[in-house]
Amino acid sequence: MSTNNFSQLSLSKPIVENLASLGYEQMTPIQALSVPLILDGKDLIAKAKTGSGKTAAFGLGIVQQLRVKQWYVQSLVLCPTRELADQVSKSIRQLARTTHNVKVLTLCGGMPIGPQIGSLKHGAHIIVGTPGRINDLLRKGHLAIDRATQLVLDEADRMLDMGFQDDLDKIVSYMPAKRQTLLFSATYPDSIKALAQRVCLKPQFVEAQDVLSPSTIKEQFVELAHSSERDEAVLKLLHLYRPEQAIVFCNTKRETTQVANYLKQAGWVSLALHGDLEQAARDVTLVRFANGSATVMVATDVAARGIDVADLELVINYQLSREAEVHTHRIGRTGRAGKDGVAISLFTEREYPKLALRVGDEAIENHRLELPDDSVLATDPKRPSMHTLQIDGGKKVKLRPGDILGALTAQGGVQGSDVGKIDRFDFSTFVAIKRDAVKVAMNKLQSDKIKGRQYRSRVVRG
């Protein structure tokens, strides 16, 4: 193939036109390597990082091969977390906009199973979900995938890390042997090789090289005399760089809470994201960070797979990751789409050999960063540009983003440019509003009706 243009692929004309309307023109490296093979019906093992465009790669294969008039599950996509499953579902729906009557269902744990069973009774073409919930629905007879022709394992390495191997094997046993299997993974350890041998048939292997130009990420290293200095080091780095948004990576759930609380006390709007959060709290946390109403996310590696922020300026490794490939994955969160980003790793003398094995002695010595003195803390913390409003109405009452935007911008309301992302859930909707427009927006919501009905609303804080 002479070019990486989507129009050169064997895609239907409506799909190509839809891609153009979505701003998709040139394929990313992983798309150029994998999409032709997917469209050719090959089984595939693709090694690619988050943010490389892999969702569109398998999503195009799903949409192109879909037979809408055949009302049964044709494709099953498995993801490690609900947050990633939600992102994948949204992406597939976007890719399928010009294909009428496509039904995509998201089936994940942490949500009531009853409504999901009810939705399945009406049928679906594409199922996106987490292994535990999918296995439960299969075992209880509410979900049938015996005619599915495609299986996608997205971020397969994380699914295995989270203990889903047995669930994956059981799910595969419900599927026909003759199918297309697509396995996407950021890393390729022995456990993934073994999984591929069990679920794939003569798979093609592709690996995308660095999607990001190395020059877009400035990687630096800060040596600490004692491990106890990590909290203050993170605080000084935030004051020094003053990012619009940053992620701090920790290795344990306890540390994410500890660091987030420390930063909050210092005046930074920071959130903790880890596996022990209740689902409702996870939803709000991810919404607030994605819509720009929180400056710092402190997260574990597995939990961070659900974060999707394109313009992340700063990544701080509070501790070195346990695995070398995870280190690369962490710093790849910044510097996306050719934009500049900074990734800083904190380490002690004891940790130097571990870090040197990953990046090399020369890189460490050439890119050491000295922490500023305490005077840097005299500046005020960087405030997020947005606040989040929560409205007690969502998909279940057919409250649409357009309805909310119309209500907010009606006479006496805010400007359309003051409204950011609108995220709908079954019973709630979250709206990002510029900080200086919050008071007007709240007055509008509390005094006016949306679609003839008054909804309770509040500013999300904490």
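What percentage of the 462 residues of the protein count as buried? In this predicted model, buried residues (under 20% relative accessible area, 1.4 Å probe, protein chains only) make up 52% of the 462. Residues are numbered from 1 along each chain as its sequence is written, and side-chain values use heavy atoms, without hydrogens and water. Because the model is predicted, local features need pLDDT of at least 70 and side-chain atom pairs count only at pLDDT 80 or more, whereas totals for chains, interfaces and linings use all residues.

The C-alpha trace spans about 65 × 60 × 45 Å along its principal axes. Contacts (heavy atoms within 4.5 Å) with a separation of 6 or more come to 75% from residues 24 or more positions apart.

The secondary structure comprises 17 helices and 17 strands, taken as DSSP runs numbered from the N terminus (helices H or I, at least four residues; strands E, at least two). Strand β10 (residues 270-273) is covered on both faces, with S270 and A272 buried on one side and L271 and L273 buried on the other. In a regular strand, side chains alternate between the two faces of the sheet. Strand β11 (residues 296-299) pairs with β10 in the parallel sense over four bridges, where pairing requires at least two DSSP bridges. A299 of β11 is the bridge partner of L273.

No disulfides (cysteine sulfur atoms within 2.5 Å) are present in the structure. C200 takes part in none, the nearest cysteine sulfur being that of C79, 16 Å away. C200 is buried at a relative accessible area of 11%, and C250 is buried at 1%.

Note on methods. Buried < 20%, exposed > 50% of the residue type's maximum accessible area, 1.4 Å probe, protein only.
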